[in-house]
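Here are my notes for anyone opening this one for the first time. Have the sequence and the 3D view side by side as you go through the points.

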Amino acid sequence: MSPSRRLIRQTLTIARRDFIATVFTPIFLLFLFAPLIMVAFSTIGAMGAAQAADHGADRVKIVAIVPDAIARAFVEADTRTRTVFRRDEEPPALKTLAPARDPAAQARAAFEARDYDATAVLYGPLERPTILYGARGARAADYLAVLAGQSLVADRVGGHLPQVAAVKTPFVRQRATLGGQNQTAFLAVFGVFFLTLFLAGQVVGTMAEERSNKVIEVLAAAVPLEAVFLGKLLGMFGVAVLFVGFWGTVLGQLTSILPPSFAGMVGELSPAIGLPMFAVLFVAYFTMAYLLLGSVFLTIGAQASTMREIQMLSLPITIVQVGMFTLTLSGLSKPDSWLAVIAEVFPLSSPFAMAGMAAARDTLWPHAVALAWQALWVALFVTLGARLFRRGVLQSGSVRPFWRRKRA
Amino acid sequence: MDNQWAVNASGLAKRFGDRRVVDGVDIAVPTGAVYGVLGPNGAGKTTTLRMLLGIIEPDEGERTLLGHAHPRDASDLVGYLPEERGLYPAMKAREAIAFMGALRGLDWKTGRARAIELLEQAGLGHAADTKIRKLSKGMAQLVQLLGAVVHRPRLLVLDEPFSGLDPVNQERLEALMLGERDRGATILFSTHVMAHAERLCDRLAIIAGGQRRFEGTVDEARGTLPSLVRYRPRDPDRVTPELLPADARPDGTDWRFSLPDEGIEPVLGRLLAAGAGIWNLSIERPSLHEAFVRIVGEQASQENAA
């Protein structure tokens, strides 16, 4: 058997063991359904918050102190204008009051009312109304000003605003919008980041198992450490693929039952390179991001000898990932800047940046170069990790990892 | 390819920090032999074996393993039981054995079938589907040993294989080692228990202080010490020290001394002439244990003197 075939066989043997040992445990179900648990808690939290907000929101009003004749036009203008807002962006409900002898005093008194919370109050002539507003009431004041304008127009044309019967027809673009491409780029970067953040950190502690139960000596005698490292990485990548595949299928099914308006929005998210190629590149960059970050984390984690040290590593690992994400987003906002080039070239941020590029530009060759570049770094990190492990851990049980050697 | 030697190493040296753990060790293990590496704790046995297997690289020296200049190239032909036993606790015994075979190139299906066969031969057939964490230490150790032989290696390297085993399991292990030898495998094992080495080894090396102090057969090792003579005279009053060799020491009514190079006859002649007579006379060959203690003791004395 050729050395390369033997290495592949040994790598896959390690990967198979790790995959089975991870997946065929009850704990894996907890891991697999963790997003569901997360979503469930988020939903409960959001519902509670929304309920609390709704409860308070019912009491909040914008107040127009206008004569009855104007009030009708005011209500009509409010009814029409309100339709352009999304539910969560709607202004507070309108309340009209007939003017008293001193409208200014009446307006001030409205803020003291016990049966509602006034956020903005309008009084005076519609040509030059006075609007008082409280904290966070500036937009409500603007809205009252708009209603005043529309009511004035209605008053001048006979009491009602003119009706316009518009013909609304949905239109599907043939080309992606620039905004859609940018959104796709952001979503691609975020998608790769989110998946690696969630999954790549899992490899940190995988060598600890072999070290604690002394299996590492058996493995090191039978197969090269590079095969052990790569096998562990692939085993955990298999777990990640299973996880992504499961949730991808679930989300795919959910998308098919979403309303057409949502499907239209999704349609706007069109990558510049075309959807099939983008899908291939997204998978490739997710793979590379996982392998790159995973190999670095595996290398660092392999030097740790206790669970406490491994747990301590989780924070710097998250910071590194967030750092790469931030660097990529900075580059994405200025595509031709030096920051963008750094993000595309620096090995740990390259998969994120290139996933973004796939959405925003239609050239294909940079991706071939980038994937080869990233694969080279995966090989380098795995080799380096194996060497550090051999020198720092396998040489002798008493040799300390590099960080403790420096401290000593 | 060199078929005469399963393992051939010369001048192996390894330094950990400031300490030279192995210092120019030569080892040549004939193909098909059972070869013991003996030494006190900390002598450098494990480091030597690890260098031979390519787990760590020597700082100096060369070695071939089954004719391969790099041990990795022969890894599928080698079985290894490390000093620190290690198995995945959640694996079943059968799977653990098949896994170790798979690491050495054996396909899983054959590995599982052979695992059952080996477990039954070792009297552990009932434990085939038991998880490692539920096995006793001795049973787990045997499972690991079976994992080291499941792919039918040409060279079996065992680091302190008897440590932690009860006498029954030690006997099982000895039988297994001899079975592997009969199959044609070469066996290289380290130990500091002389009884096993005496029973099993065709050849052995004694390592102390990182250096090889002796290499040869068990008989040759025992031959490094003269035989011991135990003599009881008929008439003790007629025995004077001048009649006996210089190292003779009284031991109750007996005298003990090393067998002189010229043989026992001249001494007996003098004793008979003096009328001391012979009540009892025995010549005992030294044990491997005694030879080991002397060889290692010399090294310790040299170190102390230095």
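**Notes on the two chains**

1. Let's start with one tryptophan. Once neighbours within four places in sequence are set aside, B:Trp108 is in contact with B:Ala98 and B:Ala102, where contact means that the C-beta atoms, placed from the backbone, lie within 7 Å. B:Trp108 sits in helix α3 of chain B. Helices here are DSSP runs of H or I with at least four residues, strands are runs of E with at least two, and both are numbered from the N terminus. B:Trp108 counts as partly exposed because it has 14 C-beta neighbours inside 10 Å. For that label, buried takes 20 or more other C-beta atoms within 10 Å of the residue's own, exposed takes 12 or fewer, and partly exposed is in between, again with C-beta atoms placed from the backbone. As for B:Arg72, 36 residues apart from B:Trp108 along the chain, the two C-alpha atoms are separated by 21 Å.

2. Some housekeeping before going further. This is a predicted model, in which local features need pLDDT of at least 70 and side-chain atom pairs count only at pLDDT 80 or more, while totals for chains, interfaces and linings use all residues. Residues are numbered from 1 along each chain as its sequence is written, and chains are lettered from A and ligands numbered from 1 in the order in which they are written.

3. Now the place where the chains meet. The contact takes 20 residues from chain A and 21 residues from chain B. On the chain B side, helix α2 (residues 93-103) gives the most, with 4 residues. That side of chain B divides into 14 nonpolar, 3 polar and 4 charged residues. In this count Ala, Val, Leu, Ile, Met, Phe, Trp, Tyr, Cys and Pro are nonpolar, Asp, Glu, Lys and Arg are charged, and the others, Gly among them, are polar.

4. How many residues of α2(B) are buried? The count is 11 of its 11 residues, including B:Arg94, B:Glu95 and B:Phe99. The buried residues pack against α3 (108-121) and α4 (137-149) of chain B, and also against α1 (3-23) and α9 (215-222) of chain A. Just after α2(B), B:Gly105 takes a positive phi of about 100°.

5. Chain B also has an open sheet of 3 strands in the order β2-β1-β4, with antiparallel pairing; strands pair if DSSP finds at least two bridges between them. Its edge strands are β2 (19-30) and β4 (60-65), each pairing on one side only. The twist averages 15° from one strand to the next. Strand β1 (residues 5-16) is joined to β2(B) by 9 bridges, with B:Ala13 opposite B:Asp23 and B:Ala9 partnered with B:Ile27. These two strands form a hairpin with 2 residues between them, and B:Gly17 in the turn has a positive phi of about 65°. Towards β4(B), β1(B) has 5 bridges, and B:Asn8 stands opposite B:Thr64.

6. Chain A has 17 helices and 4 strands. Its radius of gyration (taken over C-alpha atoms) is 30 Å, well over the 22 Å that the globule rule gives for 408 residues, so chain A is more spread out than a compact globule. That rule is 2.2 Å times the number of residues to the power 0.38. The C-alpha atoms fill a box of roughly 95 × 50 × 40 Å along the principal axes, and 34% of the 408 residues count as buried.

7. Which domains is chain A divided into? They are domain 1 (59-156) and domain 2 (177-407), with bounds that come from an automatic or database domain assignment. Taken over C-alpha atoms, 54 Å separate their centres.

8. Last, the sheet in chain A. This open sheet has 4 strands in the order β2-β1-β3-β4, with mixed pairing, and β2 (93-97) and β4 (130-133) are its edge strands. Strand β3 (residues 117-123) runs antiparallel to β4(A), joined by 4 bridges, and A:Leu122 has A:Ile131 as its bridge partner.

Terms used:
Contact = placed C-beta atoms within 7 Å. Axes fitted to C-alpha atoms, helices over the stretch in contact; angles between N-to-C directions.
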